[in-house]
Amino acid sequence: MMEEKKNVFDYISEIFATFGIITGIFMILVLVVGDQALGYSSFFEYGKQALSITTLFQLLGLSFIISVCKNILLTDRWIKQMSMLIRNILFFLAITVAIILFVILFKWFPLFDLLAWIGFIVSFAFCCALAIVVSKIRENSENRKMEQALDKFKGKERDL
Amino acid sequence: MKIEIDIDEKYTDLGVKVTAPDLTPDIERIISLMRMMDMQIPVKRDDETILLDVDEILYIEAVERNTFVYTKDSTYESALKLYEFEQQLPEKDFIRISKQSILNLRKVKSLKTDINRKIRATLLNGEQIVVSRTYAEDLRKRLGIK
């Protein structure tokens, strides 16, 4: 059975929803550490005053890539048979590669700052692992609920 | 079309007589609908018409303009449209699971969440069928999860 068809506006709203969340996170980051990190990264070009237009376009580009990965890996439009776990792992791997490319291309932090890379990899890996574990727990809990409900339904049917 | 209704105490059982020069698809559909009231449907396989008990149905699928009825061991073709099945089959057992299919819940072995809030149902014969996102909500409601 095919995925319900999306139109171009669905894709656009998906990209902008992601963009909104990412920009929101960066706005908070800039507000909190903007002044201390001034000059360290292209994000903090204006201290805690603003995010630059260039940064906003970079984040929009990242949102576009996330949306493409999501539509390829987290729907069954292109890939029909694949477990949720593998899909999630591939999704987060693709996003990691995209972010690393953006870091290098747009100098999101100094390329040779080992500590920054370690910080980025550790925090991103933690977030990905957490997201995968949470989604797996939720999936298992929902499966258990459905199994119980199905057994109850069949039990009722037998009683009738 | 001429319809004659003859109610008389001399009859011991309900009977419907259909007279026509040919057995057309419309007549086949009328017969199928009447049969379904007795929980049986006439289905075809290899040009042979069989009366199939509704209880045996795993799921029903519409493919292009044809309707297929799946049981544990066989696949049959029916003259009925999917919406006619939906109207006539017992609501407590059968549920629409996509634009193309109706599922017999009593023949489901297990249910698992699938991608995009869909549900993957494994049937008693091991076959798997996907409940589309729209209808997955109806199924959750039917099972009392929502």
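The model is a predicted one, in which local features need pLDDT of at least 70, side-chain atom pairs count only at pLDDT 80 or more, and totals for chains, interfaces and linings use all residues. Residues are numbered from 1 along each chain as its sequence is written, while chains are lettered from A and ligands numbered from 1 in the order in which they are written.

I begin with chain B. Chain B holds three helices and 10 strands, where helices (H or I, at least four residues) and strands (E, at least two) are DSSP runs numbered from the N terminus. Their order along the sequence is α-β-β-β-β-β-α-β-β-β-β-β-α. Among the 146 residues of chain B, 28% count as buried. A residue is buried if 20 or more other C-beta atoms lie within 10 Å of its own, exposed if 12 or fewer, and partly exposed in between, with C-beta atoms placed from the backbone.

Next comes the contact between the chains. Chain A contributes 18 residues and chain B 16 residues; two residues are in contact if their C-beta atoms, placed from the backbone, lie within 7 Å. On the side of chain A that touches chain B, helix α4 (residues 114–159) supplies the largest share, 11 residues.

Finally, I turn to phi. Most residues other than glycine have a negative phi. K107(A), however, has a positive phi near 50°. K107(A) sits in the loop between α3 (84–106) and α4 of chain A and is exposed, with 12 other C-beta atoms within 10 Å. E64(B) also has a positive phi, about 55°. E64(B) lies in the loop between β3 (59–63) and β4 (66–70) of chain B, and is exposed, with 6 other C-beta atoms within 10 Å.
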